[in-house]
Amino acid sequence: DRYAAELEASNEQLAKEVALFEQKLWLERRAWSYVLHGDVQGALSAAATRLQRSEKLEPYELEMVKQDIARAKTALTKPPSKTVNFSQGIDELVRAWAGVCDVKIESSARASRAIESNRDVRNCINEICKEAVSNSVRHGNAKNAWIYLNRDKDDVVEIEVCNDGHRLLRNQTPGMGLAMIEDLSLNWQLTSDRHKGKTCLVAELPIGNKN
């Protein structure tokens, strides 16, 4: 029993080490492929959604579409950033989907401290949130999204991105976004059991040394 417990603890630690390595590897190779998939696709998806939801665009709606296209152009013409200002990134996410999907975020004090002190965690959470919100709008027709960040364990941050759209199936063919979540997290799931009337992506990210 003792050996079995030690083996289980070793396997758990190894899983965290592998996930941390995948974080490093992913952050190094993300570069333009993830800029195209994340920032550019998200901006163009927001523009397309605005156009599809309105038979006749009001001047302010047309201006928002122009801003979406401008964001896509900016993302294509500036070097990818190796780190993000998390608060600024969330503000940009909220503004990006304004008028299409209302995005709200709640973060516990312990989760916020980990995000502030760890660049890799900061970058990974930012990308997963962008991917989850974009998917909820494009595939689930969501009108509202809620992001919850918690940290019950010292070395793990839990990300919960919920929406009021149609549920996506876990067994769908994995694209770049789902592959990213698979690589970065210890485990993840799509569930409708946590909050009534909401579909939630729940993922656990390991926290490495501060950087």
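How are H4 and H6 oriented relative to each other, roughly parallel or roughly antiparallel? The structure examined here is a predicted model, in which local features need pLDDT of at least 70 and side-chain atom pairs count only at pLDDT 80 or more, while totals for chains, interfaces and linings use all residues. Residues are numbered from 1 along each chain as its sequence is written, and side-chain values use heavy atoms, with hydrogens and water left out.

The pLDDT, which is the predictor's confidence in each residue on a scale from 0 to 100, averages 85 over the protein chain, and 87% of the residues score at least 70. Among the elements of the chain, helix H2 (residues 31–53) has the lowest mean pLDDT, 75, whereas E2 has the highest, 96. Helices (H or I, at least four residues) and strands (E, at least two) are DSSP runs, numbered from the N terminus.

The strands include an open sheet of five, in the order E1-E2-E3-E5-E4 and with mixed pairing, where two strands pair if DSSP finds at least two bridges between them. Its edge strands are E1 (102–107) and E4 (187–191), each of which pairs on one side only. Neighbouring strands of this sheet are turned by 10 degrees against each other on average, direction ignored; axes are lines fitted to C-alpha atoms, for helices over the stretch in contact, and angles run from 0 to 180 degrees between N-to-C directions. E1 and E2 run parallel and are joined by six bridges, with Ser-107 having Leu-149 in E2 as its bridge partner. Strand E2 (residues 144–150) pairs with strand E3 (residues 156–163) in the antiparallel sense, also over six bridges, and a hairpin of five residues joins the two. Within E3, Glu-158 is the bridge partner of Asn-150, and Cys-162 is that of Trp-146.

Cys-162 also takes part in a disulfide (a pair of cysteine sulfur atoms within 2.5 Å), its partner being Cys-200, with the sulfur atoms 2.1 Å apart. This pair links distant parts of the chain, since Cys-162 lies in strand E3 and Cys-200 in strand E5 (residues 199–206), 38 residues apart. The torsion about the S-S bond of Cys-162 and Cys-200 is about 105 degrees, so the disulfide is right-handed. Both Cys-162 and Cys-200 are buried, a term that means under 20% relative accessible area, against over 50% for exposed and partly exposed in between (1.4 Å probe, protein chains only). Cys-101 counts as buried because its relative accessibility is 2%, and Cys-129 because its value is 0%.

Two helices lie across strands of the sheet. Helix H4 (residues 86–96) lies across E1 and E2 and runs at about 155 degrees to E1, whereas helix H5 (residues 109–117) lies across E1, E2 and E3 and runs at about 95 degrees to E1. The axes of H4 and helix H6 (residues 119–138) come within 10 Å and cross at roughly 10 degrees. H4 and H6 are therefore roughly parallel to each other, given that angles under 35 degrees count as roughly parallel, over 145 as roughly antiparallel, 65 to 115 as roughly perpendicular and the rest as oblique. Their contact (heavy atoms within 4.5 Å) is made by Phe-86, Gly-89, Ile-90 and Leu-93 of H4 together with residues of H6 including Ile-125, Cys-129 and Val-133.
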